[in-house]
Amino acid sequence: MTLQILGFPRSNFVRTVRMAAHEKGVEYELVPAMPHSGEVKAIHPAGLIPAMRHGDVCLAESCAIIRYMDATFDGPALFPADVGEAANVDQWMSIVMVSVDQLLMRRYVVEYAFHKDENGNVVRDEIDKSLKRFPQMFAMLDAAVADGFVGSPSFTVADCYLAPIMAAVQLFPEGKEAVANSANLTRYFETVSARDSFIATQPS
Ligand SMILES: N[C@@H](CCC(=O)N[C@@H](CS)C(=O)NCC(=O)O)C(=O)O
């Protein structure tokens, strides 16, 4: 039976689990589904995407889905065997999925993409507030990828979280500029965006 990932391709968290599936070599079907749809709410109590179905197993939350895929399927391990290294990956996953996502996706990208006035103009209140925190956030991220990837010299699942956010943030002018002004992040994005898992999950 084929594993199904429910969600839409532009969601950064959906792209995260799809990238992890590609890195692991898991075949999956992307089932188009919106947050809060009946299909999603049947799996995620808060109606968020991604959700996952695999036979009788239904799961919500990207990290649970990734752990499930890693334990269920053959393929390269998605987490290091070493406890300290695995904890470091967990730490960076958490930082990116909470702090980075909140500022760069929820308060910046999502506001640009969806918050429009009655004339179709972007409502900038939240965007302008988020921009005040860009210098601190981008300094933190630039330092985090200084060794090559997020908190690590090699690619990890934490990069499946950061890469989609870095792609989305550069769709808008201040995000593009912030990445361009961060030497490590620029090099990071060039490297990570060349990976098969990133290319295969590019939203159309
Ligand atoms: N902690 C969740 C976050 C998922 C999430 O925030 N998904 C967004 C799309 S990228 C969503 O469903 N948003 C709808 C909403 O917040 O109402 C995970 O890791 O899967």
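Between N-to-C directions, angles under 35 degrees count as roughly parallel, over 145 as roughly antiparallel, 65 to 115 as roughly perpendicular, and the rest as oblique. With that in hand, let's look at this predicted model, starting with helix H1 (12-24) and helix H7 (residues 157-169). Their axes come within 8 Å and cross at roughly 135°, so H1 and H7 are oblique to each other. The crossing of H1 past H7 is right-handed.

On the H1 side, the residues that meet H7 are Asn12, Arg15, Thr16, Met19, Ala20 and Glu23. Their counterparts in H7 are Val157, Cys160, Tyr161, Ala163, Pro164, Ile165 and Ala168. Sorted by class, this contact holds nine nonpolar, two polar and two charged residues.

## H1 beside H3

How do H1 and H3 lie relative to each other? The axes of these two helices come within 10 Å and cross at roughly 10°, and that makes H1 roughly parallel to H3.

Here H1 contributes Phe13, Thr16, Val17, Ala20, Ala21 and Lys24, which meet Ser62, Ile65, Ile66, Met69 and Asp70 in H3. The contact of H1 with H3 divides into seven nonpolar, two polar and two charged residues.

Now to the strands. Four of them form an open sheet with mixed pairing, in the order E2-E1-E3-E4. Strand E2 (28-32) and strand E4 (57-60) stand at the edges with a single partner strand each, so one side of each has no neighbour in the sheet. On average, and ignoring direction, neighbouring strands are turned by 20° against each other.

Strand E3 (residues 51-54) and E4 run antiparallel and are joined by four bridges; across this pairing, Ala51 stands opposite Ala60 in E4. H1 packs on the sheet too, touching strand E1 (3-7) and E2, and the direction of H1 makes about 160° with that of E1.

## Around the ligand

Which residues surround the ligand? They are Ser11, Asn12, Phe13, Pro35, Leu48, Ile49, Pro50, Glu61, Ser62, Cys63 and Met97. The elements giving two or more residues to this shell are H1 and helix H3 (62-72). By class, the shell has seven nonpolar residues, three polar ones and one charged.

Notes. Residues are numbered from 1 along each chain as its sequence is written. This is a predicted model: local features need pLDDT of at least 70, side-chain atom pairs count only at pLDDT 80 or more; totals for chains, interfaces and linings use all residues. A residue is near a molecule or strand if its C-beta atom, placed from the backbone, lies within 6 Å of it. Ala, Val, Leu, Ile, Met, Phe, Trp, Tyr, Cys and Pro count as nonpolar, Asp, Glu, Lys and Arg as charged, and the others, Gly among them, as polar. Axes are lines fitted to C-alpha atoms, for helices over the stretch in contact, and angles run from 0 to 180 degrees between N-to-C directions. A crossing is left-handed if the near helix is turned anticlockwise from the far one by less than a right angle, and right-handed if clockwise. Two residues are in contact if their C-beta atoms, placed from the backbone, lie within 7 Å. Two strands pair if DSSP finds at least two bridges between them.
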